[in-house]
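Trainee: Could we take a close look at a single part of this model, going slowly through its surroundings?

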Amino acid sequence: MAAKVKVMGISGSYGNDSNNTKLVKLGLEILSNLGAETHFWDLNEKPLPLVGEEGCWENENVKDFQNLATEVNAYLLSSPEYHGCMSGVMKNQLDWIYSKHVSGKAFGLMSTLGGQSNSNTLNQMRIAVRWIHGWAIPEQIAVPNIKTAFNEDGMLQDEKLIERLENTMQSLFDTALMLEK
Ligand SMILES: Cc1cc2nc3c(=O)[nH]c(=O)nc-3n(C[C@H](O)[C@H](O)[C@H](O)COP(=O)(O)O)c2cc1C
């Protein structure tokens with residue numbers, strides 16, 4: 001039977017060593033165990049041009065990105081905090097999706113910080129998601145002190161954060177189903 005929940009994971013930084021990529025992949029694994037079909041957009045394999053850059057409107061990766069965004073019914077975003085804001089990489093990806101791709105669909109939001117936990121980046125992503133008519137779930141995750149947040153096995157060290165991640169993924173899954181009705 002086809003999965004009713006299809007999730008697109010989007011990381012706000014490049015590289016397979018990226019902590020945001022790790023976090024998104026952890027979240028997608030939980031969603032997959034819940035029965036979702038999951039897709040991670042790999043910027044290293046398929047980079048997106050800056051919006052407005054010469055030739056960007058005909059870019060094949062952009063078309064694939066928008067097609068995948070249209071096909072799924074949920075999104076999992078994680079951005080590093082840069083100077084108190086979401087990263088330019090995350091903003092540029094959000095700038096490539098419009099309401100015609102994501103309207104009425106569920107979004108889960110996460111962020112990582114070199115320093116202390118705060119909600120700046122999460123709040124900014126929440127505003128952008130509202131602008132493209134997505135439904136950001138109320139649960140959200142900020143991972144502070146990111147350099148020491150993961151253990152050698154790639155798992156979060158803080159058990160409370162793991163529990164929060166599981167609860168947030170459950171909510172994203174349930175919300176995607178609810179919005180399908
Ligand atoms: C340009 C830049 C600005 C940053 N600004 C902040 C900041 O304002 N607050 C903070 O806690 N960490 C800041 N950091 C640390 C990043 O949040 C941290 O490196 C990132 O969350 C790691 O995620 P990644 O491995 O996916 O890149 C900054 C890092 C860079 C490169």
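Trainee: Which β-α-β unit do β5, helix α5 and β6 make, right-handed or left-handed?

Mentor: This is a predicted model, in which local features need pLDDT of at least 70 and side-chain atom pairs count only at pLDDT 80 or more, while totals for chains, interfaces and linings use all residues. Residues are numbered from 1 along each chain as its sequence is written. Strand β5 (residues 106-112), helix α5 (residues 120-131) and strand β6 (residues 135-143) make a right-handed unit; right-handed means that, with the strands pointing away from the viewer, the path from the first strand over the helix to the second runs clockwise. Helices (H or I, at least four residues) and strands (E, at least two) are DSSP runs, numbered from the N terminus.

Looking at β5 itself, 7 of its 7 residues are buried, a term for residues with 20 or more other C-beta atoms within 10 Å of their own, the C-beta atoms being placed from the backbone. In a regular strand the side chains alternate between the two faces of the sheet. Here A106, G108, M110 and T112 point one way from β5, whereas F107, L109 and S111 point the other way.

Turning to its partners, β5 pairs with strand β3 (residues 74-82) in the parallel sense over 7 bridges, where pairing requires that DSSP finds at least two bridges between the strands. Among these contacts, A106 in β5 is the bridge partner of A74. Strand β6 also runs parallel to β5, joined to it by 6 bridges, and L109 stands opposite Q140 in β6.

Key. Buried ≥ 20, exposed ≤ 12 C-beta atoms within 10 Å, placed from the backbone.
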